[in-house]
Amino acid sequence: MDNTNIISIADFSITPGSRYREEGPFSGQEFREDILEPEFKKTLESDKKLIINLDGVLGYGTSFLEEVFGGLARIYTPENILKHIDIISTEDSYLKDDVIEYIQNANK
Amino acid sequence: MKLYFKSQKYINYSKRRARKSLKRRLIHKRRILHIRRSFYKKNLKEVSLLKDFIQYKQHVLAPDNLSLIDNPEEVILFFKKIHEILNNNQRVYVILKKVKNIDYGAITVLLSEMYMFKLKKIQFQGDFPSDQNAKKLIIESGFFDYIGRTDVRQNAEYLAGNDNQIITHAHKNVEPVLSLPIMKESSITIWGEKRIDSGLHSVLMELMQNTNNHASSGMIGEKHWWLSVNHDKKNKKVSFVFVDHGVGIFRSLNGKSPDSKWYGWFEKAKSSLGVETNEECLKQLLLGNLHRTVTQKSYRGKGLPNIKRMLDLNRISNLHVISNNVYSNVDKNEYKLLNKEFDGTFFYWELCENNINSPWTIQI
């Protein structure tokens, strides 16, 4: 049985934007609220793992990633997030470490 | 034969005419005096240079080396003079005749200054460099696409196929989709095919976000950012200039209110990191140490350090930063204080053949 759900940021936008919606299109807030949070809720309820694929985009601003993952951790706690998500980033491997840092430092 | 008017009507009429005539003569005298003073103690060569713009009370002579990267002190002083004239709401004539070397950074800043004059409906005129290479660079840069315009498009647009162009955005918004056509064309110039260099999009996002977040409201032109993209096909290199006329990094920090975490930032930085000058602060900002030290929030303030990281990861090259009174060649780890402040923030970087890149996996 498949215990994972995969979402790819490239399906949302190949040019991820800024932090908040009012700053411009394809923001971290938009992705988190409209796509990631609903999927994460389902993941929590079904006790599955959520895999987020960071590949296939032109690049990331730090605010986008922090708002997505740090923002999620500020709602659901870092421990919960780290337990239920995995990150794929083969094109820029350092992004995986960045995301984990954003999650761990979300409330600091 | 002189006419003498006896009736009061014609006496009043005659008096009005005499007042107007006197006013015109006085204006003309002032103008002649201004011209004579301008020519005073000047040789013939200088006089012929001045004749073109003598109607402009204010004229500014550009330095021979009009390059912000190589000659920041003189060039910043040149732009400061133009800015002072703008603040006095006077028209200006910019003399570029003696310029022998010019770069895209200076062209972009000059354009942004000109635009601020246009926004205030004040005349901004100038001439071309006598040096043909310098003249050609200005013409090909995209500078003249903006000469006749006072409107600014709602969305910044990159026009495919132009080797050099200057893009601007007036509404502080972050425009992520701009990276796509720029990346496509830049990668073809550099590597001969479409490739992805994630450093470009990252840097653009950080800079647009910074302008958005830190440019305060109220000042004309402050919400504009200007991006210049320049393809050097011979050397397989694309250079970028990003300018905003906000208050600059350090003025922005100094202007924080007492309820802001950045209030008293310099004292906190001095006691924790031992920094004493702005150039040391810029270095620490780029390393990410300053934000963490001052605000105690590790999840914000990663924009500038990320730009530095893109340089360290060889995603971009030749990064230069100028903000307020600090100039930095980040690539060479050179940081120095300037005698004059630059009004805003200036970033320059390049993409070249040896920057790390990956295959084009995007379905566009």
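These legends accompany several close-up views of a predicted model.

The model is predicted, so local features need pLDDT of at least 70 and side-chain atom pairs count only at pLDDT 80 or more, while totals for chains, interfaces and linings use all residues. Residues are numbered from 1 along each chain as its sequence is written, chains are lettered from A and ligands numbered from 1 in the order in which they are written, and side-chain values use heavy atoms, with hydrogens and water left out.

**View 1. An open, parallel sheet in chain A.** Here 3 strands of chain A line up in the order 1-2-3, with parallel pairing. Strands (E, at least two residues) and helices (H or I, at least four) are DSSP runs, numbered from the N terminus, and two strands pair if DSSP finds at least two bridges between them. At the edges sit strand 1 (4-8) and strand 3 (85-88) of chain A, each pairing on one side only. From one strand to the next, the twist averages 20°. Strand 1 of chain A is joined to strand 2 (residues 49-53) of chain A by 5 bridges. To find your way in, look for N5(A), whose bridge partner in strand 2 of chain A is L50(A).

**View 2. Helix 3 of chain A against helix 5 of chain A.** Helix 3 (residues 62-76) and helix 5 (residues 94-104) of chain A pack at about 45°, with their axes 8 Å apart. Axes are lines fitted to C-alpha atoms, for helices over the stretch in contact, and angles run from 0 to 180 degrees between N-to-C directions. On the helix 3 side of chain A, the contact (heavy atoms within 4.5 Å) is made by T62(A), L65(A), E66(A), F69(A), G70(A) and A73(A). Helix 5 of chain A brings L95(A), V99(A), Y102(A) and I103(A).

View 3. E67(A) belongs to helix 3 of chain A. This residue, E67(A), is buried, with a relative accessible area of 5% (buried means under 20%, exposed over 50%, partly exposed in between, with a 1.4 Å probe and protein chains only). Leaving aside neighbours within four places in sequence, the contacts of E67(A) include R19(A), Y20(A), G28(A), Q29(A) and R32(A). The C-alpha atoms of E67(A) and T4(A) are 23 Å apart.

**View 4. Chain B in outline.** Chain B contains 12 helices and 12 strands. Of its 364 residues, 51% are buried.
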